[in-house]
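Let's take a quick tour of how a protein chain packs and pairs up. Have a look at the structure below, then read on.

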Amino acid sequence: QVQLVESGGGLVQAGGSLRLSCAASGRTLSRYVMGWFRQAPGKEREFVAGIRWTGDITRYGDSVKGRFTISRDNAKNTVYLQMNRLKPEDTAVYSCAADFSTRLGVVANPSEYDYWGQGTQVTVSS
């Protein structure tokens, strides 16, 4: 019913920037939140950023606040993650997800999200 496809990952030096994209298709009418998560080897999935499909509400994980920016293009059904001043500890597989149930704000718990993309690798070298 819903498909999410990430792109834009790659290898970048510390201090550099990348922009990730998440293209959505299928059911969109009742989609309330789009989020970005990441998972590094040996670590649990971590909330990175989220945005509601309408309005201006966003939320960021503490480790990326001030460096990453989430945005959307409703006409293109696409959500973006602009990543600046990247650090080696940002290295992870980044996945986008859609939350169809949260009616207020943005949640960080991955169990609240209903659909997931395949992920894209981001590697930051020192």
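Here is a short briefing on the core and the strands.

This is a predicted model, where local features need pLDDT of at least 70, side-chain atom pairs count only at pLDDT 80 or more, and totals for chains, interfaces and linings use all residues. Residues are numbered from 1 along each chain as its sequence is written, and side-chain values use heavy atoms, with hydrogens and water left out.

**The core**
- The largest nonpolar core holds 29 residues, and Trp36, Leu81, Met83 and Tyr94 have the most contacts inside it.
- A nonpolar core here is a set of buried Ala, Val, Leu, Ile, Met, Phe, Trp, Tyr and Cys residues joined through side-chain atoms within 4.5 Å; buried means under 20% relative accessible area (1.4 Å probe, protein chains only).
- Leu81 touches Trp36 and Tyr94, among others (contact means heavy atoms within 4.5 Å).

**The open sheet**
- Four strands line up as S1-S3-S8-S7, with antiparallel pairing; strands are DSSP runs (E, at least two residues), numbered from the N terminus, and two of them pair if DSSP finds at least two bridges between them.
- S1 and S7 are at the edges with a single partner strand each, so one side of each has no neighbour in the sheet.
- S3 and S8 pair over 6 bridges, and Leu20 stands opposite Leu81 in S8.

**Strand S4**
- S4 is largely enclosed by the rest of the structure, because 6 of its 7 residues are buried.
- S4 pairs in the antiparallel sense with S5 over 6 bridges and with S9 over 7 bridges.
- Met34 has Ile51 as its bridge partner in S5 and Ala98 in S9.

How values were computed:
Buried < 20%, exposed > 50% of the residue type's maximum accessible area, 1.4 Å probe, protein only. Lists of a residue's contacts leave out its neighbours within four places in sequence.
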